[in-house]
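Dear colleague,

Please find below the structure I promised to pass on to you.

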Amino acid sequence: MATWGSRGLRGSTLEELINHTNEKYRDSGLALIQKIPTPIKPIHIDKENRHITLAYFDQKSTVDYIGAVQGVPICFDAKECISTTFPLQNIHEHQMTFMEAFEKQGGISFIILYFTALDELYYIPFQHLLEYWNRGKNGGRKSFTYEELDKSFQIPLRHGAYVHYLEMLKKDLDGRA
């Protein structure tokens, strides 16, 4: 069982940028996206300062974000990668199951992946992710590389701060029509 703080905040900078972007989208009436908190079970609470000092992940979470964009339900997860190879073990089976079920209900699922060393962001449609996932499940490579990605799904960095993923969502939707 992972302890709170052991791995859970690796993507906190990316999540902060996405949270800020989602606030801008909400304020402009473009989308309503909520961060889904990871359920934790507090083990020790500092009563004087009312802070949790030790906790465990209580249950499996689904994805990081869920909401709607102009009437289109979306869900996605935010991931960071230090190298140019993304290990599929960073996406859990229950997350893939949830995203697949979400898609079957007419929603759009994807991940936003930040290659930290390259300072590049990518929108990875669920169908692309599923191809990599199935390849790994069928005895193939259990990761995907930067070189394999469809570079047309790169999320442009604007003003060095925001994660403008709506353009890539539109591209994904247009490709499904």
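Strand 8 contributes the most to the lining of the largest cavity, namely 4 residues. Please bear in mind that the model is predicted. The elements that supply two or more residues to this lining are strand 8 (120-125) and helix 3 (126-137). The residues around the largest cavity are Y122, Y123, I124, P125, H128, Y132, L149, D150 and F153. Sorted by class, the lining comprises 7 nonpolar, 1 polar and 1 charged residues. The volume of the largest cavity is about 40 Å³, and the count of cavities of 30 Å³ or more is 1.

I then turned to the packing of nonpolar side chains. The largest nonpolar core consists of 23 residues, and I74, F76, F110, I112 and Y165 have the most contacts inside it. Two or more residues of this core come from each of helix 1 (12-27), strand 1 (31-35), strand 4 (65-69), strand 5 (72-81), strand 7 (108-115), strand 8 and helix 4 (166-176). Strand 7 provides the most, with 4 residues.

Leaving aside residues up to four places away in sequence, F76 is in contact with I18, N22, I33, V63, D64, Y65, F110, I112 and Y165. Another core, of 22 residues, lies apart from the largest one; L88, Y122, I124 and L130 are among its members.

With kind regards

Technical notes. Residues numbered from 1 in each chain as written. Predicted model: local features only at pLDDT ≥ 70, side-chain atom pairs only at ≥ 80, totals over all residues. Heavy atoms only, no water. 1 Å grid on protein atoms, 1.4 Å probe; cavity = no way out; pocket = protein on both sides within 12 Å on 5 of 7 lines; lining within 4 Å. Points joined across faces, edges and corners; volume = space filled by probe spheres on them. Nonpolar A, V, L, I, M, F, W, Y, C, P; charged D, E, K, R; others polar. Core = buried A, V, L, I, M, F, W, Y, C linked by side-chain atoms within 4.5 Å. Buried < 20%, exposed > 50% of the residue type's maximum accessible area, 1.4 Å probe, protein only. Contact = heavy atoms within 4.5 Å.
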